[in-house]
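Student: I have a chain open on my screen and would like to talk it through. Could we begin with the terms for surface exposure?
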Amino acid sequence: MINLFLGIGMLFLIGVILWSYKFDPNNALVVSASKKQFILLLTVLSLLTLYLLSTGVYHSFL
């Protein structure tokens, strides 16, 4: 169950990072990252979020 809540929290974190980058790229949360590093960061966070959500749903409802 905790993985489900952590996955939802990670979705919120990814949303905040994308929102800050979209509306003000010069002062975003990840302003020191290059485009390649930014894509890598989003990929890693997305994979972690997918893992947390899938294990959370599996252990909570199945």
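Tutor: A residue is called exposed when its relative accessible area is over 50%, buried when that value is under 20%, and partly exposed in between. Please keep in mind that this is a predicted model.

Student: Is Met 1 buried or exposed?
Tutor: Met 1 has a relative accessible area of 53%, so with the cut-off for exposed at over 50%, Met 1 counts as exposed.

Student: And where does Met 1 sit?
Tutor: Met 1 belongs to the segment before helix H1, which covers 2–23. The C-alpha atom of Met 1 is 5.5 Å from that of Ser 60, although 59 residues separate the two along the chain.

Student: What about Leu 6, then?
Tutor: Leu 6 is in helix H1. Its relative accessible area is 45%, so Leu 6 is partly exposed.

Student: Changing topic: how many helices and strands are there?
Tutor: The chain has 2 helices and 0 strands. Its radius of gyration is 14 Å, well over the 11 Å from the globule rule for 62 residues, so the chain is more spread out than a compact globule. The C-alpha trace spans about 45 × 20 × 10 Å along its principal axes.

Student: What share of the residues is buried?
Tutor: Of the 62 residues, 24% count as buried. The accessible surface of the chain is about 4800 Å², with 74% of it belonging to carbon and sulfur atoms.

How values were computed: Residues numbered from 1 in each chain as written. Predicted model: local features only at pLDDT ≥ 70, side-chain atom pairs only at ≥ 80, totals over all residues. Heavy atoms only, no water. Helix = DSSP H or I, 4+ residues; strand = E, 2+ residues; numbered from the N terminus. Buried < 20%, exposed > 50% of the residue type's maximum accessible area, 1.4 Å probe, protein only. Rg over C-alpha atoms; globule rule 2.2 N^0.38 Å. Areas by Shrake-Rupley, 256 points an atom, 1.4 Å probe, with all protein chains shown as cover.
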